[in-house]
Structures are given as structure tokens and as C-alpha cells.
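User: I would like to learn how to read a structure like this one, feature by feature. Please give the general idea each time and then the case at hand.

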Amino acid sequence: MHTSLLVFSIFLIGTTLSNPVHYDQISKKLTAISEQIDQAELRLNNSITKLLSKLDSSNHDLTQLIKSIHTSRVVDNSQSSNQAVSALLVIDVQYDFIDGSLALKNCPSKHNGEEVIPVINQLLDSHKFDVVAYSHDWHPTDHISFFDNLHLRSHLLTSDSIPLADLKLYSIATFAINGLPRMEQSLWPRHCVQNTHGAKLHSDLKVIEEDNAQNISVIHIQKGTKPDVDSYSAFWDNSKLGETQLNQFLKEKGVTQVFVVGLATDWCVYSTAIHGMEHGYKTFIIEDACRGVDEKTIKERLNDFTQKNGHIIKSSQVKDYIQE
Ligand code: VGL
Ligand code: ZN
């Protein structure tokens with residue numbers, strides 16, 4: 001499957017030995033080519049899945065043929081990527097996003113956040129992830145992202161910010177806080193306040209114990225815990241001033257690829273996935289295991305993620321990328 005990459009690598013190594021200066025360029029090129037192969041493979045898998053769903057039962061022989069070709073391809077592929085170590089990143093499956101103060105059903109998308117739960121539970125039941133991380137949006141009461149806290153920092157709005165009188169729920173304010181870079185901040189309803197019911201993970205979500213019999217490494221990440229800076233991603237705060245323990249944990253466990261699921265697609269899922277790629281993990285968003293705030297932004301953010309070489313897949317395709 002990756003024969004062409006191998007041949008190209010040997011050729012490049014040959015050239016490198018005679019001229020080691022180009023090592024960086026070559027390494028970049030190899031990464032880019034490897035990404036292109038991954039993308040092509042993903043498109044092929046998607047087309048096969050689509051094709052199979054279009055063939056009706058009268059085409060039994062053809063269906064069988066395509067299935068057998070597909071299966072042998074996937075087996076080949078998983079043998080060549082035997083080294084993959086996989087993490088499932090479960091983002092913010094908390095009451096406030098489901099039926100609380102920032103319930104997605106009251107957002108423009110009108111999504112029901114609860115629908116991600118059976119999909120995530122099913123993923124956890126059917127696949128052996130090496131690592132499972134749960135993130136918790138976990139804000140102090142005076143958090144900068146709450147619209148009703150605006151009065152606490154109105155003196156810190158920049159001169160080019162939307163002025164105080166015009167700022168509404170969901171508007172974007174611009175703050176200049178002493179010692180911090182300028183920040184654009186969406187103003188959300190008060191949500192996920194530390195130790196409140198709304199900040200709890202939904203009780204129907206399958207939460208793997210830290211000492212479990214299956215040898216899965218489990219970590220819980222709290223984010224958005226500092227009053228003056230928001231944090232959509234489970235890796236970094238929005239100003240990239242502070243990092244959570246997530247990357248360190250994934251590196252210690254030798255993780256090579258991450259699957260991102262949960263709430264909300266266009267905010268915390270997206271940001272986590274982008275940072276996952278920046279940290280060098282092969283990164284997947286499992287689309288049917290996510291719900292978002294606004295269809296328009298969901299589309300834009302997912303496009304951006306794909307542009308940056310992220311992979312968008314369905315939960316039924318996870319089996320093609322991880323070993324049982
Ligand atoms: C989120 C808005 C504010 C999220 C968190 O989890 O996507 N969105 N805080
Ligand atoms: Zn939040």
C-alpha cells in the first residue's frame with residue numbers, strides 16, 4: 001500500500017547521505033506525501049462505503065465482491081499501521097450543553113447534545129482505545145466568558161471593541177487585560193461553573209474508571225479554570241499561555257492518533273482537534289459523535305480542519321483505523 005512512499009524514501013535517503021543539508025526539507029516532504037496518501041485512502045474508504053449503501057440486494061454478487069476487496073484492503077492497511085496507539089478524546093459531555101444554560105437545543109443549530117452519548121458509549125464498547133480522555137469545561141464564577149460578568153471587565157474593553165452598550169449574549173468582546181495579549185471573547189450564558197450540576201458529565205455517558213481491567217489509560221482534563229482566559233481546547237487555553245496535562249499524558253502513553261468526539265463541534269471539539277494536529281497526532285473528528293452550536297460555523301470549522309489535513313469520519317469507520 002505504501003510502496004510508493006517507501007521507494008521515494010529510499011531515493012531521498014540516498015540523496016540525503018550525499019547531501020545532508022536537505023534533511024529538513026525531505027522530512028517535510030515525506031510528511032506531506034504521507035498525509036496525501038492518508039487523505040486518498042480516506043476518500044477511497046468513503047467512496048466504497050457510499051457505493052455499498054447504494055447497491056440494493058438485487059446486486060448481491062457485486063456487493064459481496066466489493067465487500068471482499070474492501071476487507072482485504074483494510075486488513076492490509078491495519079497490518080502496515082500496526083504501531084498505531086489510539087486515544088479517544090471525549091469533549092465536554094456536560095449537562096449545561098445538553099439541557100442546561102448553554103443547551104445546544106436553544107442554539108441556532110437546535111442540536112440535541114444528548115444524542116452523542118449512545119454513539120460514544122458504543123465506540124467505547126466496540127473498540128479498544130489505548131487512552132480515553134474526558135474534558136470538563138470548568139469555570140470559576142467570575143469567568144471572562146460569561147455575559148453576566150461583563151461589568152467586571154468593562155473597563156478592559158479595547159477602544160475598537162464592540163462598545164459595552166451594544167454587547168449582547170453571544171457577541172464578541174475584545175479585551176486587553178494587563179499582562180495578557182488582546183483577546184477576542186465570545187460572551188456565553190453562565191455555564192459549567194465548577195462543582196455545579198451543570199458542570200457534571202451526563203450520567204448516561206460511559207465513564208471508564210481510572211483503574212480498569214482493560215488496561216485503558218484514563219485522564220480527566222479541566223479547562224477554562226482561570227478567570228481571565230477562556231479555553232475551548234483540551235490542550236491549550238485560547239491565548240496559548242497555559243497547557244493542560246493532556247499532551248504530556250498522550251506522549252507518555254505513546255499515542256499516535258486521536259479521535260475527537262463530544263460537544264460542541266464548532267468550538268471545543270474543533271479547537272481540540274486542531275491542537276491535536278499541531279502536536280503531531282493523526283487526528284480524526286467522528287462527525288456523528290459530535291453536536292454543535294451553529295450549522296454555518298460547524299461547516300466552516302470542519303472545512304478548516306480538513307484543509308489542515310484533519311480526517312472527518314463516521315463512527316462506523318473507526319474499525320478501519322484501529323486494531324481490535
Ligand atoms: C464550549 C462554548 C463555551 C464547548 C465551551 O464545550 O464547545 N462552548 N464553552
Ligand atoms: Zn465554557
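User: Which residues of helix α5 are buried?

Analyst: Buried means under 20% relative accessible area, exposed means over 50%, and partly exposed is in between, with a 1.4 Å probe and protein chains only. Helices (H or I, at least four residues) and strands (E, at least two) are DSSP runs, numbered from the N terminus. In helix α5, residues 116-126, the buried ones are Val 116, Ile 117, Val 119, Ile 120, Asn 121, Leu 123 and Leu 124. This is a predicted model, in which local features need pLDDT of at least 70 and side-chain atom pairs count only at pLDDT 80 or more, while totals for chains, interfaces and linings use all residues. Residues are numbered from 1 along each chain as its sequence is written, chains are lettered from A and ligands numbered from 1 in the order in which they are written, and side-chain values use heavy atoms, with hydrogens and water left out.

User: What covers the buried residues of α5?

Analyst: Cover is read from contacts, that is, heavy atoms within 4.5 Å. The cover here includes the strands β1 (86-91), β2 (131-137), β6 (257-263) and β7 (282-291), together with helix α4 (95-98).

User: How many helices and strands does the protein chain have, and what share of its residues is buried?

Analyst: The protein chain has 9 helices and 8 strands. Of its 324 residues, 50% are buried. Among contacts between residues at least 6 apart in sequence, 73% join residues at least 24 apart.

User: Which residues are around ligand 1?

Analyst: A residue is near a molecule if one of its heavy atoms lies within 4 Å of it. For ligand 1 that gives Asp 92, Phe 97, Asp 137, Trp 188, His 191, Tyr 232, Leu 263, Ala 264, Trp 267 and Cys 268.

User: Which polar atoms face the oxygen atoms of ligand 1?

Analyst: A polar contact is a pair of N or O atoms within 3.5 Å; within protein, one must be able to donate a hydrogen and the other to accept it, and residues adjacent in sequence count only if both atoms are side-chain atoms. An N or O atom in the side chain of Asp 92 is 2.7 Å from an oxygen atom of ligand 1. Polar backbone atoms also take part: one of Leu 263 is 3.4 Å from a ligand oxygen, and one of Cys 268 is 3.2 Å from a ligand oxygen. Accessible areas come from the Shrake-Rupley method with a 1.4 Å probe; for residues, only the protein chains shown count as cover. On its own, ligand 1 has 260 Å² of accessible area, and the protein covers 99% of it.

User: Leu 263 and Ala 264 are both around ligand 1. What kind of peptide bond joins Leu 263 and Ala 264?

Analyst: The angle to read is omega, and here it is about -15 degrees, a cis peptide bond. Ala 264 lies in the loop between β6 and α8.

User: Is Thr 272 buried or exposed?

Analyst: Thr 272 is in helix α8. It counts as buried because its relative accessible area is 0%. A polar atom of its side chain lies 2.7 Å from the backbone oxygen of Cys 268. Beyond its neighbours within four places in sequence, Thr 272 is in contact with Leu 89, Ile 91, Tyr 232, Ser 233, Ala 234, Phe 235 and Val 260.

User: Where is His 279 found, and which side chain does it meet in a polar contact?

Analyst: His 279 is in the loop between α8 (265-278) and β7. With a relative accessible area of 18%, His 279 is buried. Its side chain makes a polar contact of 3.3 Å with that of Glu 243. Outside four places in sequence, the contacts of His 279 are Phe 235, Trp 236, Glu 243, Asn 247 and Lys 251.

User: What is the phi of Tyr 170, and what is that of Lys 240?

Analyst: Tyr 170 has a positive phi of about 75 degrees although it is not a glycine. It lies in the loop between α6 (150-153) and β3 (172-175), and is partly exposed at 40% relative accessible area. Lys 240, also not a glycine, has a positive phi of about 55 degrees. Its loop runs between β5 (217-223) and α7 (246-252), and its relative accessible area of 38% makes it partly exposed.
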